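Here are my notes on this one, as numbered points.

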Amino acid sequence: MTIAMSRRGLFGATMALPLLSAPALAPNALAQGGFPNRPVRIVIGFPPGGGIDILARLMAPHMGARLGQPVVVENRPGANGLVATQAVAGAEADGHAIFFGTTGNLAVNPALYPEMPVDVLRDFAPLSHVASLAFVLVVNPAVPARSLAELIALAKAQPGRLNFASSGNGGLPHLSGELLNAAAGIQTVHVPYRGSAPAFTDVIAGQTQFMFDALAIAQPHIAGGRVRALAVTGPNRLAALPDVPVAKETLPGFEVTNWYGMSVRAGTPAPVIARLHEEVAAALKVPEVAERAASLGLDLVGSGPDAFATFQRSEIERWGGVVRRANIRAS
């Protein structure tokens, strides 16, 4: 897939956020060649309203107040995040454009799109592993399984008869189902949808039997009794679902965390990257940001560039293996 974009009008319309009262430009910013000397953009490959968008909009005013320049969030959805990815890869290497992406954007897409126009390792410089979140495995209430072990037993008794929905082909909810197939030695059938909402609609209606998705999306349906939660995929139980066990308690080694990470264009000066990471880390410590993130099931990380680079490479290897074993193709 090739995405042709001109530098003219590269970023399009932006969504400016109300800022906190901003202090004068910090002395260390002046020492870094005047960075920032114009608004800083956080570019996201998803429409407004999702977890990554919410977190970006929580962080932006606090980052802007400390940087002394507005921080604006740009939503550039399309092509599994490739539109946004290429927008930042084509920007100046000066730190004024930040790509804020997910596991899919920064670790899965290289396997889904072998000839993608942007190499996320070559063309980007890592900034921070910002946050992680577990998925919740839910089933239609009519499915005769009240635990992950029972769901696996049911799938083994009826190979190829159970269907799992996902928010789209090649996304992490899809890969979670494929990983479950491989780890449990079962055969269930993937049914992709265009987003989480229609996927949940069909699980609730019984057209498909189960799915993986984020807590923020699943919780209203769980609370309403429209689906039943069997397991969470992270390393620990969730405070919002204290009675729902961790999947690896039943299936050792099975763990899936979606994550959000920030990168800038390769070649961005190291002092600018360091300053941006400093402001990201500071924003994540603001109580209102931390509290809202926790309500979304997010674990805030804020690690530095080196740690994020190591983590990202390991995730590219892991999910690339899942994509290849399941013979997944981008749709």
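1. Helix H3 is mostly covered, with 8 of its 8 residues buried. Those buried residues are Leu82, Val83, Ala84, Thr85, Gln86, Ala87, Val88 and Ala89. Keep in mind that this is a predicted model. What lies over the buried residues of H3? The cover includes E1, strand E3 (97-102), H4, E4 and strand E9 (257-265).

2. Ala79 sits in the loop between strand E2 (71-75) and helix H3 (82-89), and its phi is positive, about 55°, although the residue is not a glycine. Asn80 belongs to the loop between E2 and H3 too, and its phi is near 55°, again positive in a residue other than glycine.

3. Another backbone item: the peptide bond running from Phe35 to Pro36 is cis, and its omega is near -10°. Pro36 is in the loop that links helix H1 (27-31) to strand E1 (40-44).

4. Now the core. The largest nonpolar core holds 86 residues, and Met59 and Phe100 have the most contacts inside it. Strand E4 contributes the most to this core, with 9 residues. A separate core of 18 residues lies apart from it, and Val232, Leu238, Leu241 and Val246 are among its members. As background, nonpolar side chains in soluble globular proteins tend to be buried together.

5. Setting aside residues up to four places away in sequence, Phe100 touches Ile42, Val43, Ile44, Ile52, Leu55, Ala56, Val130, Tyr260, Gly261 and Met262.

6. Which side chain makes a polar contact with that of His129? The partner is Ser132, at 2.9 Å. Beyond its neighbours within four places in sequence, His129 is in contact with Trp259, Tyr260, Gly261, Val301, Gly302, Ser303, Phe308 and Phe311.

7. On helix packing, the axes of helix H4 (residues 103-112) and helix H11 (residues 305-325) come within 8 Å and cross at roughly 45°. H4 and H11 are therefore oblique to each other, as the roughly parallel class is for angles under 35 degrees and the roughly perpendicular one runs from 65 to 115. The crossing of H4 and H11 is right-handed. On the H4 side, the contact is made by Thr103, Leu106, Ala107, Val108, Ala111 and Leu112. On the H11 side, the residues are Phe308, Gln312, Glu315, Ile316, Trp319, Gly320 and Val323.

8. Ala282 is in helix H9 (residues 270-284), and Arg66 is 216 residues away from Ala282 along the chain, yet their C-alpha atoms are separated by 9.1 Å. Ala282 counts as partly exposed, at 22% relative accessibility.

Terms used. Residues numbered from 1 in each chain as written. Predicted model: local features only at pLDDT ≥ 70, side-chain atom pairs only at ≥ 80, totals over all residues. Heavy atoms only, no water. Polar contact = N/O pair within 3.5 Å; in protein donor to acceptor, adjacent residues only side chain to side chain. Contact = heavy atoms within 4.5 Å. Core = buried A, V, L, I, M, F, W, Y, C linked by side-chain atoms within 4.5 Å. Buried < 20%, exposed > 50% of the residue type's maximum accessible area, 1.4 Å probe, protein only. Helix = DSSP H or I, 4+ residues; strand = E, 2+ residues; numbered from the N terminus. Axes fitted to C-alpha atoms, helices over the stretch in contact; angles between N-to-C directions. Parallel < 35°, antiparallel > 145°, perpendicular 65-115°, else oblique. Left-handed = near helix turned anticlockwise from the far one by under 90°.
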